[in-house]
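Here's a quick briefing on pockets and aromatic pairs. Have a look at the structure first.

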Amino acid sequence: PTIRLAVITVPSVSQPAAPDPVVHLAGGPGGSSLIELESLTAAGVNRNRDLILMSQRGTLFADPELTCAVLDDYYVHSLDLPVDSAANRAQHLAASEACHRALSKPGTDFAAYNTVESAADFADLRRALGIDQWNVLGVSYGTYLAQTLLYEHPEGIRSVTLDSVEPLAEADMA
């Protein structure tokens with residue numbers, strides 16, 4: 001099946017822009033760069049370079065969007081529960097199972113929603129946009145994705161900036 005990913009290119013404030021844009025990889029997993037547009041531009045990420053944002057597979061603004069209201073409701077309710085409590089664990093498991101049941105329908109291949117596939121999506125995006133080189137900015141889980149992108153698809157990467165690093169384990173590179 002086809003997976004559609006939303007892409008936004010934010011022009012550089014200064015013109016002409018430097019030839020190597022910045023691509024932002026969101027945290028999560030499950031976060032969306034698109035909802036971080038305002039904070040990224042306020043921080044000046046697009047001061048001298050275009051800024052590229054793309055929804056990752058299964059996230060908000062992707063099609064299909066693999067989100068669950070029951071899991072979102074659990075996260076809100078869990079704020080009132082002790083983190084390590086049996087009640088919290090039981091409610092998290094129940095919400096996760098309900099979410100899995102809701103998303104498990106013919107044509108949904110959960111194996112297609114992982115870091116390696118997301119890294120390939122970003123490599124494909126760079127080529128589709130005709131960009132020779134870009135600068136990768138990863139935050140939280142996005143640092144894990146950035147490291148995977150660098151390992152699996154190093155071509156076209158000028159620099160990598162990691163903020164709030166989630167390191168790869170040796171087993172990840174085997």
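What follows covers the pockets, then the aromatic rings.

This is a predicted model, where local features need pLDDT of at least 70, side-chain atom pairs count only at pLDDT 80 or more, and totals for chains, interfaces and linings use all residues. Residues are numbered from 1 along each chain as its sequence is written, and side-chain values use heavy atoms, with hydrogens and water left out.

**Largest pocket**
- The largest pocket holds about 610 Å³ of space (a pocket is an open set of points on a 1 Å grid over the protein atoms alone, where a 1.4 Å probe fits, with protein on both sides within 12 Å along at least five of seven lines).
- Its lining (residues with an atom within 4 Å of a point) has 21 residues, with P29, G30, R57, G58 and L66 nearest the centre.
- By type, the lining of the largest pocket has 11 nonpolar, eight polar and two charged residues, with Gly counted as polar.
- Helix α2 gives the most to this lining, with three residues.

**Second largest pocket**
- The second largest pocket comes in at about 190 Å³.
- It's lined by 13 residues, and P1, P64, G107, T108 and Y113 sit closest to its centre.

**Aromatic rings**
- Searching the whole structure turns up two aromatic pairs (ring centres within 6.5 Å).
- One is Y141 with Y144, stacked (planes under 30 degrees apart) because the centres are 6.2 Å apart and the planes at 25 degrees.
- Both Y141 and Y144 are buried (under 20% relative accessible area, 1.4 Å probe, protein chains only).

Technical notes: Rings of Phe, Tyr and Trp (its six-membered ring) pair if their centres lie within 6.5 Å; planes under 30 degrees apart count as stacked, over 60 as edge-to-face and the rest as tilted. Buried means under 20% relative accessible area, exposed over 50%, partly exposed in between (1.4 Å probe, protein chains only). Grid points are joined across faces, edges and corners, and a volume is the space filled by probe spheres set on the points. Helices (H or I, at least four residues) and strands (E, at least two) are DSSP runs, numbered from the N terminus.
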